[in-house]
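Here is a walk through one protein model, taken a region at a time. Keep the structure open as you read.

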Amino acid sequence: MELGSILEFLENRSILVTGATGFLAKIFIEKILRVQPNVKKLYVLLRASDSKSAMSRFNTEVITKDLFRVLKEKHGGNITSLISEKVRVVAGDITFENLGVKDTVLLQEMFKHVDVVINLAANTNFDERYDVSLAINTLGAKHVLDFSKKCDKLRVLVHVSTAYVAGEREGLILETPYKMGETLNGTSGLDTDSEKKLIDDTLKYLKAENCSEDFIKSSMKDLGIQRARKFGWPNTYVFSKAMGEMLLGELKEDIPLVIIRPTIVTSTFKEPFPGWAEGVRTIDSLAVGYGKGRLTCFLGNPKTILDAIPADMVVNAMIVAMVAHSKNEGGHESIYHIGTSVSNPLEFACLQDYGQRYFQKNPWINKEGRPVIVGKVKVLNSMDSFHRYLTLRYLLPLKGLQILNSACCQYFQGTYLDMCRKIKYVMRLVELYSPYLFFKGYFFVCAVMMI
């Protein structure tokens, strides 16, 4: 698709962006303002109790980021007036009807003028409470759809999901939709209403038993993992996102729907400049841990393909798909994988080699001002090898400490409990992430190449 036709579509359009403080949302907002300042309005929805709180969040969590540096350089002193004219910050919450927007005048304005809805609101925590994940990733998607149906001029709804709604499928994974109640392991009985009722009943029971907030939180996390695995998904995040897709497909009616499924989203490749990221994201934690000399071993198959895609490429694909399907009618649903596992596969072993070469040339400087020397880390290429390593390196010493602690009248109790906590934490992380460390799927990227 030609840039000119994209810019032409964006001119004088009103776009609603949910989850506006998120990583991809910020890049999307910056991109639109930079390439098409003649956009009519960007309505940016932030979770906030009122407009003042929303504006405060926007100013501190969005527009002040270095990401907007190029935009500010381009417009100079006029950047404030550009933001004031083109951006309308909206206080709301997608877990409520009408996206939680309380300002009725603003609500009617949005219903009248919004041309495109971009749903980027999500909770990406693999180990989130089930009630929280379902409210945002599943029912939140439905609320965004319901809102879109009320928009008089709506051209398209773009919903950003994740490629890993595929669970632990192997081989070539196609860009196919999920039908309501479909599961990855064939188990019947999946229904979003039933899942919501299960959550409500569980919370009611736990509160009636006067359980502590920590116990309720832990129970909700465990419930999410249990329900996900019952139907074939490895964690609460991808399970709740899959159910969100099901609801959209089932209830879309005549709404043109685009579902974007990115793989592992990394820092920007080119726009607005290379290398912008926010915080430590997914595989970034491996690089940081290795560079600081804290990564003593790595769990995963060296031949596993790491499917990573720069964030600006994801946003570009969103915009192109949005424009391409803005003329669709009759409730057409289009799904796009955005990834590299077929076109430019990267093995975990290569990532380690790249990391070693980089940090040997650009070592991390520690608190003492000395460079951290890195080398090859021990690779545990199976769960069996991981359990052997854990036993020899940690569990046996822990058993010895337990005996010593008992013999010394609990003198080492604090140290013992701290080690138990750390080992439990590591085991939880391995349980959550191991499906991706040994992932055997490849994401078919076809639809986006056709536009």
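Predicted model: local features only at pLDDT ≥ 70, side-chain atom pairs only at ≥ 80, totals over all residues.

Take Tyr442 as a way in. This residue sits in strand E13, which covers residues 441-443. Is Tyr442 buried or partly exposed? Its relative accessible area is 35%, so Tyr442 counts as partly exposed. A patch member must have over 30% relative accessible area, and Tyr442, at 35%, therefore passes that cut-off.

Now turn to the cysteines. A disulfide is a covalent bond between the sulfur atoms of two cysteines. How many disulfides does the structure hold? The count is 0. Cys350 is in no disulfide. Its nearest cysteine sulfur belongs to Cys297 and is 20 Å away. Cys350 is partly exposed, with a relative accessible area of 26%. Cys151 is buried instead, with a relative accessible area of 6%.

Next comes helix H11, which runs over residues 284-291. Which of its residues are buried? Gly289, Tyr290 and Gly291 are buried in this helix. The buried residues of H11 pack against helix H13, which spans 348-361.

Notes: Residues numbered from 1 in each chain as written. Heavy atoms only, no water. Helix = DSSP H or I, 4+ residues; strand = E, 2+ residues; numbered from the N terminus. Buried < 20%, exposed > 50% of the residue type's maximum accessible area, 1.4 Å probe, protein only. Disulfide = S-S within 2.5 Å. Contact = heavy atoms within 4.5 Å.
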